[in-house]
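Subject: Handing over the model

Hello,

Here is the structure I promised to send over.

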Amino acid sequence: MVSIDWLKKAQPELVVDLFLYPTERGGKTLPASLGWGSPCTIQNERGSGWVGYDGWPLLLDGPISPGETLRVGYVFLSGKQAVDYLRSAAKFYIWEGRIVGEATIVL
């Protein structure tokens, strides 16, 4: 697990447009704020061969609510290995027991 202090100082490894699905479309029920993280994957469902990397959006300007899109930096526990995997697609998905959002890679 990473600390809030570490996240406040972290340099983003990717910049993405993060979209949290609305609650009624299977998204989160509560807003996400700095410190929230979840597995990230290029697969849009869990199954055979599923690969996910723990990632944290740098929500330094405040929370993001279900149904919103926000440009944020992302950091990963696995660093370059996660970035290389996620960059192999134009976007990746956010897993929280199910897909709750997606992130379109900008930089």
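A word on the ground rules before the details. This is a predicted model, in which local features need pLDDT of at least 70 and side-chain atom pairs count only at pLDDT 80 or more, while totals for chains, interfaces and linings use all residues. Residues are numbered from 1 along each chain as its sequence is written, and side-chain values use heavy atoms, with hydrogens and water left out.

**The chain as a whole**

In sequence order the pattern reads α-β-β-β-β-α-β-β. The radius of gyration is 13 Å, close to the 13 Å that the globule rule gives for 107 residues, so the chain is as compact as a globular protein of that length. That radius is taken over C-alpha atoms, and the rule is 2.2 Å times the number of residues to the power 0.38. Along the principal axes, the C-alpha atoms fill a box of roughly 35 × 30 × 25 Å.

Of the 107 residues, 44% count as buried. Here buried means under 20% relative accessible area, exposed means over 50%, and partly exposed is in between (1.4 Å probe, protein chains only). The chain exposes about 5700 Å², and carbon and sulfur atoms supply 51% of that area; the areas come from the Shrake-Rupley method with a 1.4 Å probe, and for residues only the protein chains shown count as cover.

As for charge, the mean positions of the 10 positive and 11 negative charges are 2 Å apart. Lys and Arg count as positive and Asp and Glu as negative, with His and the chain ends not counted; each charge is placed at NZ of Lys, CZ of Arg, CG of Asp or CD of Glu.

**Salt bridges**

Side chains of opposite charge can pair when their charged atoms come close. A search of the whole structure finds four salt bridges, each being a side-chain nitrogen of Lys or Arg within 4 Å of a carboxyl oxygen of Asp or Glu. Let me walk you through some of them.

D17 pairs with R71, and their closest N and O atoms are 2.7 Å apart. D17 lies in strand 1 (residues 14-20) and R71 in strand 4 (residues 69-76), so this pair ties together parts that are 54 residues apart in sequence. D17 is partly exposed at 23% relative accessible area, whereas R71 is exposed at 52%.

K80 and D84 form another bridge, with an N to O distance of 2.7 Å. Both sit in helix 2 (residues 80-87), four residues apart, or about one helical turn. K80 is exposed at 59%, and D84 is partly exposed at 41%.

In a further bridge, K91 meets E102 at 3.1 Å, N to O. This pair links distant parts of the chain, with K91 in strand 5 (residues 91-95) and E102 in strand 6 (residues 99-105), eleven residues apart. K91 is partly exposed at 29%, while E102 is buried at 16%.

S38 has its place in strand 2 (residues 38-41) and is buried, with a relative accessible area of 5%. Leaving aside residues up to four places away in sequence, S38 touches Y53, D54, G55, I94 and W95.

P63 lies in the loop between strand 3 (53-57) and strand 4, and P63 is exposed at 54%. With the neighbours up to four places away again not counted, P63 touches P31, A32, S33 and E68.

Which residues does P66 touch, not counting those up to four places away in sequence? They are L20, Y21, P22, T23, K28, T29, L30 and P31. P66 lies in the loop between strand 3 and strand 4 and is partly exposed at 22%.

How values were computed. Helix = DSSP H or I, 4+ residues; strand = E, 2+ residues; numbered from the N terminus. Contact = heavy atoms within 4.5 Å.
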